[in-house]
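Morning, everyone. Please bring up the model, and we'll go through it together.

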Amino acid sequence: MTAGSIAGPTLVRRDDAAPAPSVLSLNNVDVVYDRVILVLKGVSLAVRPGAITALLGANGAGKSTTLKAISGVLASERGEVTKGTILFEGQRIDGRRAHEVTRLGLAQVFEGRRVFEHLTCEENLVAGGHLIADAKAVREGIERSYHYFPRLKERRRQLAGYLSGGEQQMLAIGRALMSRPRLMLLDEPSLGLAPMLVEEIFGIVSDLVARERLAALLVEQNAAATLTIAEHGYVMENGRVVLEGPADALRENPDVKEFYLGLNEIGARKSYRDVKHYRRRKRWLS
Amino acid sequence: MDLGFTFLLVANGILIGLMYALIALGFVLVYKATDAINFAQGEFVMAPGIVAAVVAGAANSFWLGAAVAVAAMIGFSFLLERTVLRPLLGRPVIAVIMATIGLAAILRGTLPMLFGTSPLPLALPLGDEPIEVGSLTLQPAQVAGAAVALSALVIFTWFFRSNRGGVAMRAMADDQQAASAMGVNVTRYFAFAWAMAGVVSALGGVMWGAMLGVDVQLALVGLKVFPVVILGGLDSIGGAVLGGLIVGVVENLAAGYIDPLVGGGTKDFAPYVLMVAALLIRPYGMFGTRRIERV
């Protein structure tokens with residue numbers, strides 16, 4: 001199945017743009033949990049260098065699973081990639097274990113932050129720099145994380161479990177930064193945070209991407225905010241990519257507006273119940 | 001009340017307590033890094049004790065016996081991790097607990113089969129001359145055991161605080177998946193944790209064996225691990241020391257003051273009375289990690 005083919009006009013046909021060298025590409029990836037539950041069905045996507053790529057979709061669409069398949073933590077949840085390939089900078093990484101993938105230059109920020117609660121803020125960063133052999137480089141990495149998140153420096157001796165939600169999210173990103181990744185996977189960094197904090201964190205993420213020559217794959221439910229900082233986006237439903245295109249085109253797409261931005265044509269908000277009803281009628285997922 | 005007698009009881013209690021702490025350290029290391037409760041800790045102490053006694057007897061060298069015991073426990077721990085514990089990774093913690101209970105029974109059964117059931121002597125190369133400190137008379141085996149325990153405790157405290165490998169292990173205990181995403185090779189650190197527990201247990205086996213003599217009964221000291229770690233906290237080295245000291249001192253005071261009144265026996269259960277009380281008051285021990293709940 002081709003992305004966007006059912007949803008109406010395809011936003012961008014991948015073959016009419018010059019093939020940009022992607023940092024990461026997934027080609028027709030299937031993921032199966034517990035050997036029987038098919039969670040991802042032929043997912044293909046590409047992450048371009050030096051930019052944020054958004055991966056949108058509702059709960060259970062398979063966004064987190066996609067990230068876990070990339071970072072290799074899937075194995076610890078009894079999931080596996082059964083079909084397709086995942087290439088990171090030209091190297092196949094599907095089926096590799098998480099710590100090996102991290103060593104190649106890929107870092108993941110988990111959904112729900114997952115800081116090491118019983119370690120201090122600074123120890124969390126030290127753990128994040130586990131793969132860096134040189135102690136001086138670890139020190140520099142810590143300072144770099146403090147530079148982007150000055151609030152972490154104030155909290156350096158505090159147990160991470162006692163930080164506020166926003167601070168924990170900053171710590172999770174700062175910690176992922178420690179391994180000097182070239183690609184960062186971010187899983188719902190806005191989850192449970194106040195809108196102002198979301199704005200702050202999104203701002204820092206786009207700053208990071210610009211300055212650290214980083215590529216980012218950003219999974220979000222907060223489509224509106226995400227599409228303002230992303231360059232390109234994919235929309236997932238039921239374990240498939242159903243739409244893709246440049247972020248501004250996605251923002252203007254009527255279906256995206258309807259489902260993810262909660263707007264209809266006149267710009268009025270719609271209730272979720274109506275959206276669900278509409279979805280059932282249109283059956284755009286086939 | 002005879003103050004000198006009390007002093008002696010307390011001093012002995014402290015020495016014994018440190019030796020309890022050494023064994024509890026083996027337990028704490030495993031729990032701290034892997035979240036598994038090792039019900040075979042007593043057998044982890046007994047097995048190297050027997051190995052040390054057999055080798056020391058055959059080669060007539062205490063040091064060789066001790067070295068072989070430590071090396072054997074390292075090998076055994078790696079093997080155990082590879083064959084039993086790694087396949088259980090990601091399964092419920094209860095699976096690992098059950099596996100350690102099974103392991104305990106296996107070790108208790110096979111070692112006497114291999115080396116016989118009769119108690120073996122294991123003598124420290126120190127002589128039996130009691131050490132006089134002021135008015136106190138202390139057994140050399142106890143003093144040496146306490147010294148070994150204290151050094152192991154100091155080394156491991158430093159390791160978890162300041163060494164990056166130690167920090168990675170604590171991170172792994174908090175969140176295995178997140179730690180692996182930081183590049184921590186979880187299976188390798190699992191094996192390390194068990195091997196470290198093996199080393200500590202081997203030291204405990206040698207020191208306890210030197211004090212009590214070596215046979216299957218040596219595994220019973222493992223039972224004292226539970227009051228020690230419940231009092232101190234399952235994942236705290238400092239807690240293990242404090243818990244060990246409390247258990248050692250309480251046990252000795254009970255033996256010295258209560259036993260003569262009731263005809264003996266209180267020494268063996270007094271620590272458990274404390275343990276139950278501790279569970280009611282501070283379920284995470286005196287130094288144990290509290291569950292962090294933010295509101």
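Which residues in α1(B) meet which residues in α5(B)? From α1(B) come N12(B), L15(B), I16(B), L18(B), M19(B), A21(B), L22(B), L25(B) and L29(B). They meet Q142(B), V143(B), G145(B), A146(B), V148(B), A149(B), L150(B), A152(B), L153(B) and F156(B) in α5(B). Contact here is C-beta atoms, placed from the backbone, within 7 Å. By class, that contact has 16 nonpolar, three polar and no charged residues. Nonpolar is Ala, Val, Leu, Ile, Met, Phe, Trp, Tyr, Cys and Pro; charged is Asp, Glu, Lys and Arg; the others, Gly among them, are polar.

Ground rules. This is a predicted model: local features need pLDDT of at least 70, side-chain atom pairs count only at pLDDT 80 or more, and totals for chains, interfaces and linings use all residues. Residues are numbered from 1 along each chain as its sequence is written, and chains are lettered from A and ligands numbered from 1 in the order in which they are written. Helices (H or I, at least four residues) and strands (E, at least two) are DSSP runs, numbered from the N terminus.

Back to the helix pair. α1 of chain B spans residues 3-34, and α5 of chain B spans 140-162. They pack at an angle of about 40°, axes 8 Å apart.

Next, A168(B). This residue sits in helix α6 of chain B, residues 164-174. Buried or exposed? A168(B) counts as buried, because it has 24 C-beta neighbours inside 10 Å. The buried cut-off is 20 or more other C-beta atoms within 10 Å; 12 or fewer is exposed, and in between is partly exposed. Leaving aside neighbours within four places in sequence, A168(B) touches A127(A), H130(A), A179(B), V184(B) and Y189(B). N185(B) is 17 residues along in sequence and 9.5 Å away, C-alpha to C-alpha.

Now the interface. Chain B gives 21 residues and chain A gives 23. On the chain B side, α6 and α7 (176-181) each supply at least two. That side has nine nonpolar, seven polar and five charged residues.

Last, chain A. It has eleven helices and ten strands. Of its 286 residues, 45% are buried. Look at strand β6 of chain A, residues 106-109. L106(A) and Q108(A) point one way, A107(A) and V109(A) the other, and all are buried. Four bridges join β6(A) to β7 of chain A, residues 183-187, and the two run parallel. V109(A) stands opposite L186(A) in β7(A).

Conventions:
Axes are lines fitted to C-alpha atoms, for helices over the stretch in contact, and angles run from 0 to 180 degrees between N-to-C directions. Two residues are in contact if their C-beta atoms, placed from the backbone, lie within 7 Å. Two strands pair if DSSP finds at least two bridges between them.
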